Amino acid sequence: MTDNMTDNETTGTDETRTLPVTDLSLVVLIGATGSGKSTFARAHFKPTEVISSDFCRGLVADDENDQSASGDAFDVLHYIAGKRLAAGRRTVVDATNVQPESRRQLVRLAREHDVLPIAIVLDLPEAVCAERNAVRPDRAGMPRHVIKRHQRELRRSLRGLEREGFRKVHILRGVEEVERAEVVTERRYNDLTHLTGPFDIIGDIHGCRSELDTLLSRLGYADGDGAHPEGRTAVFVGDLVDRGPDSPGVLRRVMRMVGAGNALCVPGNHENKLGRWLKGRKVQLTHGLAETVEQLGKEDDAFREEVRAFIDGLVSHYVLDGGKLVVCHAGLPEKYHGRTSGRVRSHALYGDTTGETDEFGLPVRYPWAEDYRGRAAVVYGHTPVPNTSWINNTICLDTGAVFGGRMTALRWPERELVDVPAERVWYEPAKPLHTAAPGSREGRPLDLADVHGRRVVETRHMGRLAVREENAAAALEVMSRFAVDPRLLAYLPPTMAPTATSREDGFLEHPAEAFAQYRDDGVARVVCEEKHMGSRAVALVCRDAAVARERFGIGGTDAGAVAVTGTGTGTGTDGRGGAPTGALHTRTGRPFFDDPAVTEEILGRLRTAIGAAGLWDELETDWLLLDAELMPWSLKATGLLRTQYAAVGAAAGAAFPAVTSALEAAVGRGVDVGALLTGQRERAADATAFTEAYRRYCWETDGLEGVRLAPFQILAVRGRSLASVPHDRQLAWLDRLTEHDPTGLLQVTRRLVVDTADEASVRSGVDWWLEMTGRGGEGMVVKPLQALARDAKGRLVQPGIKVRGREYLRIIYGPEYTRPENLERLRGRFLGHKRSLALREYALGLEALDRLAGDEPLWRVHEAVFAVLALESEPVDPRL
């Protein structure tokens with residue numbers, strides 16, 4: 001759009017000349033030397049927006065008029081301009097720019113950063129330019145022919161500026177017109193950040209008018225102009241037309257809603273093609289366009305013209321809700337958000353492809369959502385998927401309504417999905433919907449690239465969390481060689497931070513510090529749970545083998561051959577020839593039992609108890625993920641007991657009797673070794689206490705006789721993460737589960753609720769811990785009763801703080817840790833890294849559960865699970 005006004009010196013008009021300039025653009029000032037470009041820039045733009053070629057010459061040559069430095073100066077100018085445009089800041093180039101080549105570089109720079117190039121031309125008489133140069137000391141000697149040459153080059157350029165690529169051209173002729181000019185900043189068409197919703201974003205429609213009406217009705221939109229009683233706005237992601245039975249009906253309703261201000265719409269590739277046909281362009285009537293053309297043939301010319309104008313006015317994408325939401329048809333990487341170029345529009349309409357075609361002859365889509373790390377949520381359609389889910393803060397809403405699937409909407413900011421089933425298959429798809437497209441649960445296979453090298457995992461509760469390359473390598477070793485089938489590895493428990501070091505006499509850990517920490521974090525009520533001395537266990541229990549096969553892809557003749565590249569092991573049967581019904585694994589993902597039949601026996605007992613307790617129906621699920629403790633400790637830690645703890649006890653048992661006997665004999669002979677004897681007797685008593693401490697957690701088992709499982713949290717069920725369910729409700733479920741176990745496998749977790757602001761309640765919590773540990777108990781875990789708690793600043797607080805008993809800590813810190821000199825030294829232990837690690841692993845665990853419950857692809861769940869294991873290899877004091 002060339003804004004080419006006549007010279008006001010000729011017309012004599014005194015009206016203000018308005019120059020609309022887009023808020024994010026590259027503004028190129030064009031004019032001969034002395035035309036007043038720098039003065040104009042100072043008057044109409046912020047100083048930080050303007051980059052002057054003269055200034056850049058001064059930077060590189062200490063002389064703004066040194067023309068020999070122009071090459072380097074423009075290199076600097078282009079570099080600075082590029083950095084500003086990349087950061088999303090409007091940039092004004094103050095240079096003569098009268099030569100096509102200099103302008104060509106700037107237009108190329110604008111295109112590289114997907115912003116609009118805008119030209120503002122100052123076309124002033126030669127005499128005025130010469131007069132202005134004459135009064136400038138640094139320009140007084142400039143030859144007149146330089147100005148003449150600039151003027152000739154400028155005049156030759158005026159008619160071709162739009163062809164060069166400038167999207168807007170403003171030409172100011174004469175001094176008065178320049179002085180009356182007013183630059184007005186315009187929003188980009190795609191910038192609707194001031195609209196905050198709430199929105200209902202509706203996926204691909206493809207001519208399915210009846211399903212659209214049903215969905216809009218469920219969402220609460222009125223017939224006709226589509227007003228919503230709560231003031232909500234519908235947003236359509238495009239592909240309104242083609243393939244379905246009533247594309248004109250869909251267009252009529254959407255256009256009416258948009259015209260009434262009750263809806264927004266972005267174009268899909270099908271609208272783009274229809275728009276070209278309506279303009280008389282030659283297009284192939286394929287992919288459902290023939291049906292739309294036939295349907296539009298029954299409409300009058302006025303309606304077809306209305307459709308053409310509507311499609312022609314659609315904007316490639318919208319940035320909404322303060323930049324938190326981006327809506328487009330085929331998805332959009334963060335670097336394109338709010339940008340304006342043909343490249344951006346093409347990606348928004350068609351997405352990106354790898355250049356390959358699949359077995360159905362269709363282009364292979366580049367999985368941009370897998371690499372997305374942007375802060376804005378991107379909602380799109382285009383590629384049909386059977387089940388939609390969030391992937392890296394992006395979601396595809398095309399659930400194949402026209403192919404017999406569903407029509408889906410996303411309520412924003414609630415992030416709730418609403419859908420309706422298709423009335424029938426209106427158009428046969430070119431390929432089945434269970435594809436590797438983002439959002440499909442089947443997804444693509446696991447790949448080494450998912451976990452190799454430094455990784456950054458986006459989490460809902462703690463933002464971006466980094467995994468170092470060396471930690472990923474250590475986790476890969478464990479995961480690829482020892483872990484259960486990754487399809488069954490949905491969660492790994494986080495490490496747990498100990499309470500702050502106590503100053504109580506004789507104690508390294510004490511509950512008072514845990515209660516005080518939660519009180520300071522704003523947590524009013526906590527639950528103290530008995531800490532079982534066993535091994536952490538995660539149990540995935542499916543209602544039957546069919547559920548395991550349907551939801552987790554386990555079972556059948558090829559179940560063991562999970563499609564992975566670089567990680568994972570297979571679990572094809574239960575060891576008795578049957579299909580597995582779940583998994584039981586350690587906190588590092590290893591199977592608890594070498595014999596799958598033993599695992600199935602435990603899962604069978606759990607399944608029976610779940611059914612008898614009525615939890616399948618109450619939780620509306622056919623699978624359940626449990627966090628628990630498996631006992632005895634010796635069941636999994638036999639090697640550790642034999643080589644580390646028993647060896648110490650045996651050595652002490654062999655050495656101290658002889659030592660004390662010899663010292664006693666020496667005392668009998670009158671040798672002054674009484675103090676040494678007392679010290680050795682104390683050391684012997686400490687060693688005995690050490691042996692008794694670890695023996696409490698060891699007992700003989702025969703098969704499952706003597707084995708105990710203490711569940712303390714239901715982590716997730718079909719369609720829901722239960723990690724935020726209050727712990728008292730969780731424990732009530734698990735009490736029922738234990739009550740309905742006739743085999744004695746399940747064990748209740750004792751608990752006590754404490755009010756952190758009530759001294760009497762805190763005292764009762766301390767006494768409960770003292771009584772329990774005095775009887776040989778390991779200690780307790782203190783947790784926020786409401787679960788998933790945050791402090792006053794909105795930060796996650798520790799999900800649990802362990803407070804271990806005085807005698808149990810002998811196992812951790814050694815037999816003689818209670819000696820005053822040792823306690824004082826240990827009180828200097830540093831807990832900061834452990835606490836940070838616990839919170840990061842907790843956030844990743846929550847993310848894994850959310851992705852699992854959201855039915856996201858395996859690689860997405862595995863990404864978060866793997867990150868937990870990787871963080872476990874961070875260097876931290878293992879005694880904590």
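In strand β29, L584 is the residue that stands opposite A539. This pairing belongs to a predicted model.

- Strand β27 covers residues 535–542, and eight of its eight residues are buried, so the strand is largely enclosed by the rest of the structure.
- On one side of β27 the buried residues are S535, A537, A539 and V541.
- β27 runs antiparallel to strand β29 (residues 582–585), and four bridges join the two.
- β27 is also joined to strand β30 (residues 623–631), by eight bridges, and this pair is antiparallel too.
- Within β30, L625 is the bridge partner of L540.

**An open sheet of five strands**

- Five strands form an open sheet with mixed pairing, in the order β25-β35-β34-β26-β33.
- β25 (497–498) and β33 (751–755) are the edge strands, and each of them pairs on one side only.
- Helix α25, residues 759–774, packs on this sheet and touches β26 (525–530), β33, β34 and β35.
- The direction of α25 makes about 150 degrees with that of β33.
- Strands β34 (residues 779–784) and β35 (residues 801–804) run antiparallel and are joined by four bridges.

- F55, L59, V60, Y79 and I80 make a nonpolar surface patch of about 480 Å².
- Two helices, α3 (53–61) and α4 (70–86), each supply at least two residues of the patch.
- The largest share comes from α3, with three residues.
- I80 sits in helix α4.
- Is I80 buried or partly exposed? I80 has a relative accessible area of 30%, so it counts as partly exposed.

- Most residues other than glycine have a negative phi, and most peptide bonds are trans. The residues below depart from one or the other pattern.
- The peptide bond from W412 to P413 is cis, with omega near 15 degrees.
- P413 lies in the loop between β20 (406–412) and β21 (416–421).
- M631 and P632 are also joined by a cis peptide bond, with omega about 5 degrees.
- The place of P632 is the loop between β30 and α22 (638–668).
- R243 is not a glycine, yet its phi is positive, near 80 degrees.
- The loop between β11 (233–236) and α11 (247–259) contains R243.
- R243 has a relative accessible area of 17%, and because buried means under 20%, this residue is buried.
- A787 is another residue other than glycine with a positive phi, near 65 degrees.
- A787 is in the loop between β34 and β35, and those two strands belong to the open sheet described above.
- With a relative accessibility of 8%, A787 counts as buried.

Conventions
Residues are numbered from 1 along each chain as its sequence is written. This is a predicted model: local features need pLDDT of at least 70, side-chain atom pairs count only at pLDDT 80 or more; totals for chains, interfaces and linings use all residues. Side-chain values use heavy atoms; hydrogens and water are left out. Two strands pair if DSSP finds at least two bridges between them. Contact means heavy atoms within 4.5 Å. Axes are lines fitted to C-alpha atoms, for helices over the stretch in contact, and angles run from 0 to 180 degrees between N-to-C directions. Patches are made of residues with over 30% relative accessible area and no salt bridge: like charges are joined within 9 Å, nonpolar side chains (Val, Leu, Ile, Met, Phe, Trp, Tyr) within 5 Å. Accessible areas come from the Shrake-Rupley method with a 1.4 Å probe; for residues, only the protein chains shown count as cover. A salt bridge is a side-chain nitrogen of Lys or Arg within 4 Å of a carboxyl oxygen of Asp or Glu. Buried means under 20% relative accessible area, exposed over 50%, partly exposed in between (1.4 Å probe, protein chains only).
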